[in-house]
Structure formats: structure tokens, C-alpha cells
Amino acid sequence: MRSIFYEAKKHLSFRETWVGYILAVGFLIISVKNTVYTIPDVAEQWNNIFQDIYTYGATLSAFLVAIGISRLMCYEHERKTDAILYTAANGRRLSFLSKIGFAVLYCAAVVIIIGTVSIVIHGSIFGFENAFSDIEYCRYFINKAPAVSNLVYGIVQYLFLFLGVLYFAGFVMLVATLTKRTALTICISGGTYLALLIYYLVGSSFLRGIAIDIADTVWRFSFAGFMLQESYSRFPILNWTGDWNSAWKTVLLVIGIVLAEGVLLWQLWRKKDRK
């Protein structure tokens, strides 16, 4: 636990971290302000809360992860202290576990803060009316809506986001381990998310035939698909389309991907040790 605390101290010493925090706070304030408005229909108010991740939550999470995690795996190499650090017994293993632990806690903090701010501010507008009533509108699970309350489903959505953010964080850490350059890692990881987001918003209108099938499959398996909630409900290649009862399958899928990233990351980390 103490080693994770040291990773957190290093994280707070990065200038790009504080610049990122300032930009993120400004973006969150503007986004929340632009999406808060009064609607007579309470069910529609809850539906607006359910769209917060799609509107700004996923992209803001991706930005904070790209800024906050990229230097995590590059720090010792860029400071030329890795040789000294890893002379300790189990130094490589301890450092790896500390970085993984910090990354998980960082991702959890990002999602919790964004989710809490969004739900509390938006819900307070209409006094959280019908918070414990069954949801009426559900954009994602169109075939069979979840038999849960509005508030519970709002929280579940952020748990889904957390898994997607872990997936993206694993990607960022893999890129950082391979490139050993913070700036390059930020550009690659941020650029990849941006490319996937652009495809999601407008890309399908420019593709035809098998090209769109391939692109859509890549999208569904990508971290962006899970962060934007789409991959949990619609996975045509696996015949999962809009059914809440199939959501557990995609949850297991993304957990498996995250674990695979961790195994691959550890193999790359160990490989560096043998050189």
C-alpha cells in the first residue's frame, strides 16, 4: 500500500497532470451546465441522466486516463532511475504491482467523481423524484429494459464505464511500456480513442458493405465501445442485441480483455528485466 502511495506522489508531481485536471474541471462544469435543464416528464429527466456518459462522461474519462496514466510506465526510464530501482529484491515485481494498483484506484476515482457530480447535480434539479421506480426509457437495452430502479441503473452504467476505463488504461499502459515515451503515449492513446469516437459519430456514413461490418466489429471490441456503453447491449457478431439478460456476457468479455492486458503487460515488463 505504501508503494502505491509513492506512485500517487509521483503522479501529482507531473505538470501535465495538473494541467489536465484544470482542463477536465472546466470541461465538466461546461458539460454539466449545458445538459441541466428542466423537463416536466420525470422519466425523461432520468433518461437525460442516463445519457451523461455518452454526452461527456466517457470522453472526459478517456482524457484523464491518457493524461494521468501515460507517464506511469515511463517515469523510471525517462528519469534514468530504472536500473537503480530494480536492483532491490523483487523490485521489478513490486514496482509493477504498485503501478497496477495505482492505475485501478485512479480509474475508480475518475469514474466516481464524474458519476457523482453528474447524478447529484442533475438529480437535484427534480429532487430525485422516482429514483426508486422502474426505469421507463432505456436507449441501450431496447428489447428488454432492465428491471431495476432509475437510480440503480444510473449507478450500474458507471460500473460499466469503470470496466471500459480499465480497458483503456490497460491499452495506455501497454503503449507506454512499448514506447517508453510519455508524450508519444498520450498522442497514440488519445488519438486512438479520438479516431474510434469519430467513427462512432460519423464514420459509418462513409463505409459500405463488408468494410462497415469489419469496422463495426473492431468498434464493438474496442475500449471506446465499452466506455460509451454501446458494446454492452449490441454485439451483433456474438448475436447479442439490445437484451439486458445478455449484458453479463459482455461484462465477462471486457473483464477477460482487461485481465489479458494485465498478463501481456507483465510479460513485457519482465522482458525488459532480462535485457
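Tutor: We will go from the whole chain to single residues. Keep in mind that this is a predicted model.

Student: What does the secondary structure of the protein chain come to?

Tutor: Count the elements. The chain has 13 helices and 2 strands.

Student: What share of the 275 residues is buried?

Tutor: Buried residues make up 49% of the chain. The accessible surface is about 13,800 Å². Carbon and sulfur atoms account for 68% of that surface.

Student: How do I read contacts along the chain?

Tutor: Ask how far apart the partners are in sequence. Take the contacts between residues at least 6 apart. Of these, 73% join residues at least 24 apart.

Student: Which residues touch the most other members of the largest nonpolar core?

Tutor: They are Phe168, Tyr193 and Met227, in a core of 70 residues. Helix α8, residues 150-179, gives the most to this core, with 15 residues. Now follow Phe168. Setting aside residues up to four places away in sequence, Phe168 touches Ala62, Val65, Ala66, Ser189, Tyr193, Phe223 and Met227.

Student: How do I find the faces of a helix?

Tutor: Start with the general idea. An α-helix has 3.6 residues a turn, so residues three or four places apart point the same way. Now take helix α1, residues 2-12. Its buried residues are Ser3, Ile4, Glu7, Lys10 and His11. Seen down the axis of α1, they fall within an arc of 115°, so they line one face of the helix.

Student: Which exposed residues does the face of α1 turned away from its buried side carry?

Tutor: That face carries Arg2 and Lys9.

Student: How do I describe two packed helices?

Tutor: Use the angle between their axes and the distance between the axes. On the α2 side, the contact includes Tyr21, Leu23, Phe27 and Leu28. On the α4 side, Tyr56, Leu60, Phe63 and Leu64 are among the partners.

Student: Is Gly123 buried or exposed?

Tutor: Gly123 is buried, with a relative accessible area of 0%. Gly123 lies in helix α7, residues 91-125. Trp46 is 77 residues away along the chain, yet the two C-alpha atoms are separated by 7.8 Å. Leaving aside neighbours within four places in sequence, Gly123 is in contact with Ile49, Ser118 and Phe128.

Student: What should I look for in backbone angles?

Tutor: Most residues other than glycine have a negative phi. Phe128 has a positive value, near 55°. Asn130 also has a positive value, near 65°.

Student: Where are Phe128 and Asn130?

Tutor: Phe128 sits in the loop between α7 and α8. Asn130 lies in the loop between α7 and α8 as well. Now check their cover. Phe128 is at 29%, so it counts as partly exposed. Asn130 is at 35%, so it counts as partly exposed too.

Key:
Residues numbered from 1 in each chain as written. Predicted model: local features only at pLDDT ≥ 70, side-chain atom pairs only at ≥ 80, totals over all residues. Heavy atoms only, no water. Core = buried A, V, L, I, M, F, W, Y, C linked by side-chain atoms within 4.5 Å. Buried < 20%, exposed > 50% of the residue type's maximum accessible area, 1.4 Å probe, protein only. Helix = DSSP H or I, 4+ residues; strand = E, 2+ residues; numbered from the N terminus. Contact = heavy atoms within 4.5 Å. Areas by Shrake-Rupley, 256 points an atom, 1.4 Å probe, with all protein chains shown as cover. Arc of directions from axis to C-beta.
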